[in-house]
Amino acid sequence: MPTQLTYNHEVIICTLIAVLMPLAAFVFNALALNKKSAVAGWVSTLAILVSTVCAVNVFARVWDSESYIHQQQVWFTIGATKVYVGLLLNNLSVLLLLLVSVIALPVHIYGMAYMKGDPHFGRYFTYLSLFCFSMLALVVADNLILVYAFWELVGFSSYLLIGFWNTRDKAVLANKKAFIMNRIGDIGLLAAIVTLFAQFGTFDIDALFGQHGLISQATIQDGAWVTAMGISMPAVWQWVACIGIFMAVAAKSAQFPLHTWLPDAMEGPTSVSALIHAATMVAAGVFLLGRFFPLFSETQLMVLAVIGCFTAFMAATIALTQNDLKRVLAYSTISQLGFMVMAMGIGAYASSLFHLVTHAFFKCLLFLSAGIIIHEMQHLKDEHQLDIDPQNILYMGGLRKKLPFTFVVCVIAACALIGLPLTSGFLSKDGILIQSFEWAGHHGGIWYLIPVFSIISSMLTAFYISRLIFKVFFGEFEPEKANPHIHPHFTDGGLAYKIPLAFLALSCFFPIFSFNPFSYESAWVVKGLTLAEHGGEADLLHTIIPVGITLVSIGIIYWAYNIYVSPNRKLFPQDTFLFKLSYNEWFIDSFYNNAIVKGTLSLSGALFWIDKTVIDGFVGLLQNIVLTLASITKWLDKYIVDGFLHTLAATTVAISNFVRGFQNGRVQYYLFSMMAVLLAFFIYKILI
């Protein structure tokens, strides 16, 4: 049983170097170099090389040892609550630390050749270093605040990389879509973190989810989770936390219903697709499930199993009919992530993470191979001014002779994705399928649909990846067939392409993970992680399922060959409902656009009309009334009040002037006035 080792100086220093080297490269590239500098590539590649060496050292010291490392320092204090910052290095942490570094290194080397000549070469590696720092820091963070901070930073850096070619409208729309949908998941994660802190009073992951943590040791009493320390969490808050975590997982790892951003995210450079959207970023969701795994109850794990299984099946059916090379691989990634989430749901914790590791290598290899193919097709298009889509597999064919090295490594990766014997995919995927049948046997009834649909998804995987290989590498080269005058000169590239691809191809074979090519339990990844006990029928399942899946997969490959390569091939009808359902991606994106996007825009338009017409109209009416009243008041003030006052003043002036005439100092005028008055008086008396 692992025990906590609170301090190990050398391991902690190596971990910090592994995490901070990409950050140093990001800062240096951002401040010291311009966006076109070729030096940025060397700086970032050297930084990730150092990180890889340090990650290997940390992994060798911590993996499957008798202790784990948890070092922390007080970060800040709010009232009586102390928040710590530190490192948590256990088997899960160091496995992901190693995986991210080992995958990122060949991608950096490949990227130096792939992005050569791009006007924003330096900016590309600046963003890439920021992403690597974010991902490496995420997997070793020891508290929920740091996890959330680096979770957000991973999303932000991926946003920058998806929209790297920001002069393209599709790239801008894609990174906006990815950013918005991941924000939905981030709200869920934040809600889960706040809930857990409110209930348990700590952000410490080890204190919460460690082997002796509050949640790991909790029991359910009267519908509430009660810890050994007497802390009680009502079931409703436990559900809130679990739903929030699943929202985060569904967004980051592209699970239904938040999966639609990932295929669009292929608008970024292909090397970005290989690193972020096939190997590391999307795997962060599965990693998060591994971190929070003790929190989930059996019922909630069943929900995870159902959603993961459905996602695997749905994405596999969509990949059957897609013609964009990278889009096929994107839906393949969604499907494989569905397998991982399903495995977590059935309690196959170790197998889920094992498949995460193996998938990182063969899917990264497929994307990097796709990058070479697309690069050469784009060059052909530009050179001969052809009206073709360089990513559309319908414009390819026969490339095994023009790109022999790429063809070989692609076939190796495809075999691993299918799960054929002697590959790493055989070990990890069959482990999940075997345990799904054991799980269904324990629960019985309708739950057998989980392994059944998992088998169907595995068969669909064999078909769509075989279709891709046959359409791209076999048959006739379509542009040459349509334009006989062109003579394309394709190349697999130099060592900067071949070395990363060769390394990834070797990592697709079983000896990297297990000396026994037919037993997933023998894999060192599985041995180092928690593994559920198997039932008595395990031996039989270990034979029937791998043999059966292998035979069926070979049959499907042969069937696909007859459909897409054989001279007597017969294509599927494309006017059926099922074909349209697959080709239009189950109409999920259309539903979102019509029901949510357009609905939101319509609601916004209605609210704008109400604001402009009703509210602004009412305010305008009040304004007009006030202005009218003001005008009337002004007229009354000017012509009535002021007129009366002016008349009174004028009358007073006239009388004054008249009276003043009598006061001139002449006696004869005074006598005349007196006589006039007396005369007037007598006349008045006579008349009256």
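1. Helices α2 (residues 39-62) and α3 (residues 91-114) pack with their axes 8 Å apart, at an angle of about 155°. The crossing of α2 past α3 is left-handed, that is, the near helix is turned anticlockwise from the far one by less than a right angle; clockwise would be right-handed. Axes here are lines fitted to C-alpha atoms, for helices over the stretch in contact, with angles from 0 to 180 degrees between N-to-C directions.

2. Before going on, the ground rules: this is a predicted model, where local features need pLDDT of at least 70 and side-chain atom pairs count only at pLDDT 80 or more, while totals for chains, interfaces and linings use all residues. Residues are numbered from 1 along each chain as its sequence is written, and side-chain values use heavy atoms, with hydrogens and water left out. Helices are DSSP runs (H or I, at least four residues; strands are E, at least two), numbered from the N terminus.

3. Another pair to look at is α16 (residues 404-418) with α20 (residues 495-506): their axes come within 10 Å and cross at roughly 25°. That makes α16 roughly parallel to α20, and this crossing is left-handed. On the α16 side, F405, V409 and I412 meet K498, L501, A502 and A505 of α20 (contact means heavy atoms within 4.5 Å).

4. On helix geometry, α6 (residues 169-200) has 32 residues and reaches 46 Å between its end C-alpha atoms, close to the expected 46 Å (the expected span is 1.5 Å times one less than the number of residues). G201 follows α6, with a positive phi near 70°.

5. α17 (residues 424-443) reaches 29 Å over 20 residues, close to the 28 Å expected. Of those 20 residues, 16 are buried, so α17 is largely enclosed by the rest of the structure (buried is under 20% relative accessible area, exposed over 50%, partly exposed in between, using a 1.4 Å probe and protein chains only). After α17 comes G444, whose phi is positive, near 70°.

6. α18 (residues 449-473) tells a similar story: its 25 residues should span 36 Å, and its end C-alpha atoms are 36 Å apart. With 19 of its 25 residues buried, α18 is largely enclosed too. Just after it, G475 has a positive phi of about 75°.

7. What does the side chain of D589 make a polar contact with? The partner is the side chain of K177, at 2.8 Å (a polar contact is a pair of N or O atoms within 3.5 Å; within protein, one must be able to donate a hydrogen and the other to accept it, and residues adjacent in sequence count only if both atoms are side-chain atoms). D589 sits in α24 (residues 588-660) and is buried at 15% relative accessible area. Leaving out residues up to four places away in sequence, D589 touches K177, T260 and D264.

8. Now the backbone. Most residues other than glycine have a negative phi, and most peptide bonds are trans. Q385 has a positive phi of about 55°, and E585 one of about 60°. Q385 is exposed at 68% relative accessible area, whereas E585 is buried at 10%. The peptide bond from F256 to P257 is cis, with omega near 10°; P257 is in the loop between α8 (235-252) and α9 (261-264).

Note on methods:
Parallel < 35°, antiparallel > 145°, perpendicular 65-115°, else oblique.
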